[in-house]
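Subject: Structure for your review

Dear colleague,

Please find below the structure that I am handing over to you. My notes on what was found in it follow directly after.

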Amino acid sequence: MKNGIILTGHGKIASGIYSAIQMIAGNFDNLRVCDFKKGDSYDNLDIKLIKAYQELSTYENIIVLADIGGGSPFNRAVLSLASYKNVYFLTGMNFEMVYQALNFDCDDINTFLKKIIDTAQKSIYLFD
């Protein structure tokens with residue numbers, strides 16, 4: 001696997017999605033969760049994000065998946081990690097997006113990111 005994955009979001013959304021992934025597919029060594037819980041400080045979240053990056057730094061790329069673009073977890077991830085090499089930020093995190101990120105591997109990072117986004121978008125539909 002070429003890519004490390006960091007999940008971040010408000011409350012326990014990141015750990016909740018990972019918990020569901022574990023139920024279906026087991027544990028993944030290339031994933032770290034950084035929840036932003038009520039009462040957490042920005043500094044505490046920054047420390048968690050940097051630690052997650054450092055633990056995954058042997059991977060070719062680090063993909064940060066956040067729940068809401070412009071939300072505190074996303075903003076802190078960008079502020080804390082944008083200066084590191086090969087870090088990419090995606091928002092709108094959902095189960096299928098995370099599952100795809102963990103189970104799809106390819107040599108081209110742009111193809112990888114597009115596949116994750118396409119999967120996330122296709123997972124949203126109206127059932128009549």
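In these notes, a nonpolar core is a set of buried Ala, Val, Leu, Ile, Met, Phe, Trp, Tyr and Cys residues joined through side-chain atoms within 4.5 Å, where buried stands for under 20% relative accessible area. Please bear in mind that this is a predicted model.

By that criterion, the largest nonpolar core comprises 22 residues, and Leu 7, Leu 65 and Val 98 are those with the most contacts inside it. At least two residues of this core come from each of β1 (3–10), α1, β3 (61–66), α4 (95–103) and α5 (109–122). The most is given by α5, which contributes five residues. In soluble globular proteins, nonpolar side chains tend to be buried together.

Neighbours within four places in sequence left aside, Leu 7 is in contact with Ala 14, Tyr 18, Leu 31, Arg 32, Val 33, Cys 34, Leu 65, Met 93 and Val 98. Another core, of 13 residues, lies apart from the largest one; among its members are Cys 34, Phe 36, Ala 52 and Ala 77.

I turn next to the surface. Met 23 belongs to helix α1, which spans residues 13–25. Together with Ile 24 and Tyr 99, Met 23 makes a nonpolar surface patch of about 370 Å². Met 23 and Phe 36 are 13 residues apart along the chain, and their C-alpha atoms are separated by 22 Å.

One backbone detail also deserves mention. Asn 86 is not a glycine, yet has a positive phi of about 55°. Where does Asn 86 lie? Asn 86 is found in the loop between α3 (72–81) and β4 (87–91). The relative accessible area of Asn 86 is 31%, so this residue is classed as partly exposed, the class between under 20% and over 50%.

Finally, regarding annotation, the unreviewed UniProt entry assigns "domain: PTS EIIA type-4" to residues 2–124. In the model, this span is 50% helix and 20% strand, and the C-alpha atoms at its ends lie 27 Å apart.

With kind regards

Conventions:
Residues are numbered from 1 along each chain as its sequence is written. This is a predicted model: local features need pLDDT of at least 70, side-chain atom pairs count only at pLDDT 80 or more; totals for chains, interfaces and linings use all residues. Side-chain values use heavy atoms; hydrogens and water are left out. UniProt positions are given in the numbering used here, feature names are shortened, and annotations may be inferred rather than shown by experiment. Helices (H or I, at least four residues) and strands (E, at least two) are DSSP runs, numbered from the N terminus. Patches are made of residues with over 30% relative accessible area and no salt bridge: like charges are joined within 9 Å, nonpolar side chains (Val, Leu, Ile, Met, Phe, Trp, Tyr) within 5 Å. Accessible areas come from the Shrake-Rupley method with a 1.4 Å probe; for residues, only the protein chains shown count as cover. A salt bridge is a side-chain nitrogen of Lys or Arg within 4 Å of a carboxyl oxygen of Asp or Glu. Buried means under 20% relative accessible area, exposed over 50%, partly exposed in between (1.4 Å probe, protein chains only). Contact means heavy atoms within 4.5 Å.
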